[in-house]
Amino acid sequence: MKIAVMGAGAVGCYYGGMLARAGHEVTMIGRPTHVEAMRRNGLLLETQAFSLHVPVQASTDARCIKGAGLVLCCVKSTDSESAAADMARHLDPDALVLSMQNGVDNAARLQALLKQDVIATVVYVATEMAGPGHVRHHGRGELVMGPTASGQALVTLFVEAGIPAAISDNVTGELWAKLILNCAYNALSAITQIPYGRLVQSDGVDGVMRDVVQECLAVAQGLGVSVPGDTWEAVQRIARTMPNQYSSTAQDLGRGKCSEIDHLNGHVLRQGEALGIATPVNRVLHTLVKVLEAKAAMTKTSTKENP
């Protein structure tokens with residue numbers, strides 16, 4: 001199958017790499033540094049079980065999605081509209097787009113601008129870009145997708161590539177379950193710049209996380225969303241299964257980049273305000289990350305002005 005990855009960062013490179021390893025024709029669309037490395041040497045896919053160079057196509061141009069039957073959209077939540085605009089001109093009429101992004105509203109935002117079907121997909125994986133064209137896998141990797149006519153074929157496609165996958169009739173609840181995990185970990189990992197395993201051992205963190213979870217659940221309930229499973233157990237499991245993982249927000253701040261915090265704790269904050277539900281802990285975490293973003297931006301500007 002011809003598959004394109006729109007936004008070939010850590011998540012996109014991992015799943016695209018696994019599909020390429022299984023024999024599919026995969027095109028990575030990403031930043032120049034990674035594209036150049038993948039063109040030279042293929043994608044270096046380093047997992048807990050193996051490490052190898054996987055042949056892939058790579059480009060910085062969204063026109064390369066033409067002909068793809070499946071597109072994995074892995075761009076930041078902040079880039080959903082611009083990615084949709086780039087894809088709309090080149091997507092095949094019968095292409096299927098999976099929104100494999102953080103946050104709960106990306107599939108709807110993409111669908112508003114695309115004629116092709118967009119399927120919300122919940123991603124549970126710990127990855128990082130360890131260097132140009134080099135993705136490192138730290139743990140997990142399962143996908144939960146919303147209903148689609150080709151759902152079973154998609155499950156088979158991923159499972160045969162070594163990727164656990166399932167279809168859920170309550171994908172909105174699944175998205176909120178993932179959002180709550182992100183709200184519990186992302187900002188704290190970013191502010192402290194420490195990985196999950198060490199983070200949860202720090203004094204007071206357990207209480208803060210519990211407060212975040214309760215605020216998120218209150219907002220979800222106010223919206224009529226049924227969040228599946230034991231949310232607190234799921235939060236604790238993250239530290240056990242991804243102890244060495246830094247959050248994507250921590251990685252963004254460490255590189256001086258804008259994060260997705262507006263679509264994580266910020267989303268809960270805005271929805272809470274609309275519903276009249278107080279979310280003070282989410283507000284503080286969101287505010288602190290925004291302050292750190294501004295500080296990083298000022299530092300980057302100062303460095304450019306004074307090389």
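How many nonpolar, polar and charged residues does the lining of the second largest pocket have? By class, that lining has seven nonpolar, two polar and six charged residues, where Ala, Val, Leu, Ile, Met, Phe, Trp, Tyr, Cys and Pro count as nonpolar, Asp, Glu, Lys and Arg as charged, and the others, Gly among them, as polar. This is a predicted model, in which local features need pLDDT of at least 70 and side-chain atom pairs count only at pLDDT 80 or more, while totals for chains, interfaces and linings use all residues. Residues are numbered from 1 along each chain as its sequence is written, and side-chain values use heavy atoms, with hydrogens and water left out.

**Second largest pocket**
- About 220 Å³ of space lies in this pocket (a pocket is an open set of points on a 1 Å grid over the protein atoms alone, where a 1.4 Å probe fits, with protein on both sides within 12 Å along at least five of seven lines; lining residues have an atom within 4 Å of a point).
- Of its 15 lining residues, Y124, A177, L181, P228 and A234 are the closest to the centre.
- Helix α9 (231–241) gives the most to this lining, with five residues.

**Largest pocket**
- The largest pocket holds about 1000 Å³ of space, and among its 46 lining residues A10, V11, C74, K76 and E260 lie nearest the centre.
- The lining of the largest pocket divides into 21 nonpolar, 16 polar and nine charged residues, and β8 gives the most to it, with six residues.

Terms used: Grid points are joined across faces, edges and corners, and a volume is the space filled by probe spheres set on the points. Helices (H or I, at least four residues) and strands (E, at least two) are DSSP runs, numbered from the N terminus.
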